[in-house]
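My notes follow in the order in which I made them.

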Amino acid sequence: MTGATARLRAAAPLLLVLSIAARLAWTYLVPNGANFVDLHVYVGGAAELDGPGTLYEFVYGEQTPDFPLPFTYPPFAAVVFYPLHVLPFGLVAFLWQVGIIAALYGVVRMSQRLLPEDSGARGPRVAMLWAAVGIWTEPLRSTFDYGQVNVLLVLATLYAVYSTRWWLSGLLVGLAAGVKLTPAVAGLYFVGARRWATVVWSAVVFTLTIAVSAVLVGDQTRFYFTELLGDADRVGPVGTSFNQSWRGGISRILGEDAGYGPLVLLGIAVTAVAAVLAWRAIGGAQDRLGGIVVVQLFGLLLSPISWTHHWVWLIPLIIWLLHGPLRAQLGARVLGWGWLVLILVGVPWLLSFAQPTIWTIPRPWYLAWAGLIYIVATLATLVWIAIRGSRRYRAPSGCPSP
């Protein structure tokens, strides 16, 4: 450890405190520092459980008049968020931010625990440094601004991967999917790891969340799973630069919603092949952090909408690249630092200024192509892992990696 590194680690608690203080100052002292629109949807939608039949008629448009935001989550999410509506919203928003910070620190610590013992990146002070920086990345900035829940779901998924108790892992994945469907893609990791009890139990728990919802709000539960499920237009404008999925990227190039047309399906197929090769190259579940990150990167490009706040998974990815088993390779450092710069700058956010409204697909053509930034970077990462990872794992025992 160099002297500069030692001093940086020694200053980690102070740097984290300063970073948190700056984030809260931005929220409360800067005009429009945070609008908490998604948190308003969580709380306002959940409050509608007192009036059966109105959950999916609720919209929040006070701060988004051009696109009033409906409640788009599974009904179980409303059940979970229901107690929040009895508290003053200002208190809920403050506690939510504190919870996001704690969850971010937890995500970093769990990522550390999933790394090899010899990674040299373990310990709370290193985690504090990552959390201090992570607060200012685009996925976290949008999470704070909107009051999103994704960091908590990422933490639950990482702990599910970390735990060896099938019932706990399945419980966490099933509940997370019950709140927001996207965590369900983690099931692919457990299938690949052949943790069959976890796979089955997570499916059972998810089914139980539907059953609980059906008992409490039966009509709304049926309405969601029979009519609303898969309606991307209800979630938001597919073509906005903030949607960094294949469907969003192709839609921006075509100038209209591409749906799951041939080009989108081709992109997903290429990503699936790259992900499978990357998974095999790192030994699958033998590298638990690498394995779950590969699965989640595929899920982000597969989803019809992957907002920038869904990309919290880039924090574990960067930690894996810079501190994981491939950390000695130049490509890992280039990709790791490249991703970090990319999300600190926030390219999708910059591109959004070229949209007169959120419904406007970015034009001219070079802005549309620039909107592929996360997609291209993800493919490059998966392909690099597939190539370099396989070479490392084929190296004779005791030999340095190339």
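I looked up Asp257 first: its relative accessibility is 35%, so Asp257 counts as partly exposed. The classes I used are buried for under 20% relative accessible area, exposed for over 50% and partly exposed in between, with a 1.4 Å probe and protein chains only. The model is a predicted one, in which local features need pLDDT of at least 70 and side-chain atom pairs count only at pLDDT 80 or more, while totals for chains, interfaces and linings use all residues. Residues are numbered from 1 along each chain as its sequence is written, and side-chain values use heavy atoms, with hydrogens and water left out.

Next I checked the partner of Asp257. Asp257 forms a salt bridge with Arg247, with 2.9 Å between the closest N and O atoms. A salt bridge here is a side-chain nitrogen of Lys or Arg within 4 Å of a carboxyl oxygen of Asp or Glu. The pair links distant parts of the chain, ten residues apart: Arg247 is in helix H14 (246-254), and Asp257 is in the loop between H14 and helix H15 (262-281). Helices are DSSP runs of H or I with at least four residues, numbered from the N terminus. Arg247 has 10% relative accessibility and therefore counts as buried.

I stayed in helix H14 for Ser251. Leaving out residues up to four places away in sequence, Ser251 touches Val238, Gly239, Glu256, Asp257, Ala258 and Ile361. Contact means heavy atoms within 4.5 Å.

How many salt bridges does the structure hold? I noted four. One of them joins the side chains of Arg23 and Asp145, at 3.0 Å from N to O. Arg23 lies in helix H2 (residues 12-29) and Asp145 in helix H7 (residues 138-146), so this pair ties together parts that are 122 residues apart in sequence. Arg23 is buried at 1% relative accessible area, whereas Asp145, at 21%, is partly exposed.

I then found Glu138 in a salt bridge with Arg141, with their closest N and O atoms 2.8 Å apart. The two residues are three places apart in helix H7, which means about one helical turn between them. Both Glu138 and Arg141 are buried.

I turned to helix packing. Helix H9 (residues 166-179) and helix H11 (residues 196-216) pack at about 40 degrees, with their axes 7 Å apart. Axes are lines fitted to C-alpha atoms, for helices over the stretch in contact, and angles run from 0 to 180 degrees between N-to-C directions. H9 and H11 are therefore oblique to each other; under 35 degrees counts as roughly parallel, over 145 as roughly antiparallel, 65 to 115 as roughly perpendicular and the rest as oblique. The contact residues include Trp166 and Trp167 of H9 and Trp201 and Phe206 of H11.

My last entry is on helix H5 (residues 89-113) and helix H6 (residues 124-134), which pack at about 130 degrees with axes 9 Å apart. H5 and H6 are therefore oblique as well. Among the residues making the contact are Leu104, Tyr105 and Arg109 of H5 and Pro124, Met128 and Trp130 of H6.
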